[in-house]
Amino acid sequence: MKIEAALKEASTQISAVCESPRKVAKLLLMHHLGMSAEWIFLNLSADLADESGYFALVRRFCEYEPLGYITSKADFYGLNFSVRKGVLIPRPETEILVDKSLEILVNLPAARVAEIGTGSGIISICIALNSPAKITATDINETALDLARENAAKFGVVDRIEFIKCAYLDDVSGEFDLLVSNPPYIAQDYKLDKFVLNEPHNALFGGLTGDEILKNIILLARNRRVKNLACEMGYDQKSSLEKALKFNGFEAKFYQDLAGFDRGFTAKLALNLKKGQG
């Protein structure tokens, strides 16, 4: 089979499960052949090597295996990160959270940063690559921590990030200038598509209403006297989190994603919140 015919057949099969079948078919072919999009364009009339291997990848996608798990990679913040099954795949909107964190750190040249729920390590690694901050990142998932260390080594920042297996900051001591997190925040009964449901549920669902973990993080930040917070959240959680932040002594600003949905917040611990208050 010629490459052009294979792409056409793969696109037809994939069209049943996604809205951009040609793009996915090409990405799978690039992964299969280890070649660029340009090479494929220039070789459409060539015979496809290992045709059965390519269509095995197509079948995996048609069975709702996320593209990132098939290719073992995902682009984020202009970088190519390794991903694997059992760890949440990076989302483009989380790049905004990195930007917001870096804006805070501009005025904190020797900052200590904590990240809760680091996953593949993308947030901490991007912060380390773009600031002099010293970072502590936690997760309860050993597979995620192994992947995060792998990605940190890939980008040469292993000496800047300490990865610790624990919930929240349970096994972490010291004070922090910034606490950043993209925690699970989806409500338990929210209907997700079949691709997302093949990602780890404990990285997706935040509880009955979805904002429970975020509220715990806000309380933790208040009790640990963390000076700044930056978190991603669900599109419908602004009102409840605004109240939680204010109650715990934080002055917050909310931001939207590129689609115009409420997507996260940054917050500063109010100066008039004295130690021992509350």
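In the predicted model, helices H2 and H4 cross with right-handed geometry. Val-24, Ala-25, Leu-28, Leu-29, His-31 and His-32 form the H2 side of this contact, and they face Gly-53, Tyr-54, Leu-57, Val-58 and Phe-61 of H4. By residue class, the contact of H2 with H4 contains 8 nonpolar and 3 polar residues, with no charged ones. H2 covers residues 21-33, and its axis lies 10 Å from that of H4 at an angle of about 135 degrees. H2 is therefore oblique to H4.

H4, which spans residues 51-62, also packs against H1, formed by residues 3-14. The axes of H1 and H4 come within 10 Å of each other and cross at roughly 15 degrees. Angles under 35 degrees count as roughly parallel, and H1 and H4 are therefore described as roughly parallel to each other. The crossing of H1 and H4 is right-handed. On the H1 side the contact involves Ala-6, Leu-7, Glu-9, Ala-10, Gln-13 and Ile-14, and on the H4 side Tyr-54, Phe-55, Val-58, Phe-61 and Cys-62. The residues of the contact of H1 with H4 comprise 9 nonpolar, 1 polar and 1 charged. Among the H4 residues, Tyr-54, Val-58 and Phe-61 take part in the contact with H1 and also in the contact with H2.

The chain is divided into domain 1, residues 3-63, and domain 2, residues 87-269. A distance of 35 Å separates the C-alpha centres of domain 1 and domain 2. An unreviewed UniProt entry places the feature "domain: Release factor glutamine methyltransferase N-terminal" at residues 6-71. Residues 6-71 are 68% helix and 0% strand, and the C-alpha atoms at the ends of this span are 18 Å apart.

The crossing of H9 and H10 is right-handed. Leu-214, Lys-215, Ile-218 and Arg-222 of H9 make the contact with Ser-240, Leu-241, Ala-244, Leu-245 and Phe-247 of H10. The residues of the contact of H9 with H10 divide into 6 nonpolar, 1 polar and 2 charged.

Terms used. Residues numbered from 1 in each chain as written. Predicted model: local features only at pLDDT ≥ 70, side-chain atom pairs only at ≥ 80, totals over all residues. Heavy atoms only, no water. Axes fitted to C-alpha atoms, helices over the stretch in contact; angles between N-to-C directions. Helix = DSSP H or I, 4+ residues; strand = E, 2+ residues; numbered from the N terminus. Parallel < 35°, antiparallel > 145°, perpendicular 65-115°, else oblique. Left-handed = near helix turned anticlockwise from the far one by under 90°. Contact = heavy atoms within 4.5 Å. Nonpolar A, V, L, I, M, F, W, Y, C, P; charged D, E, K, R; others polar. Domains from an automatic or database assignment. UniProt positions renumbered as here; feature names shortened; annotations may be inferred.
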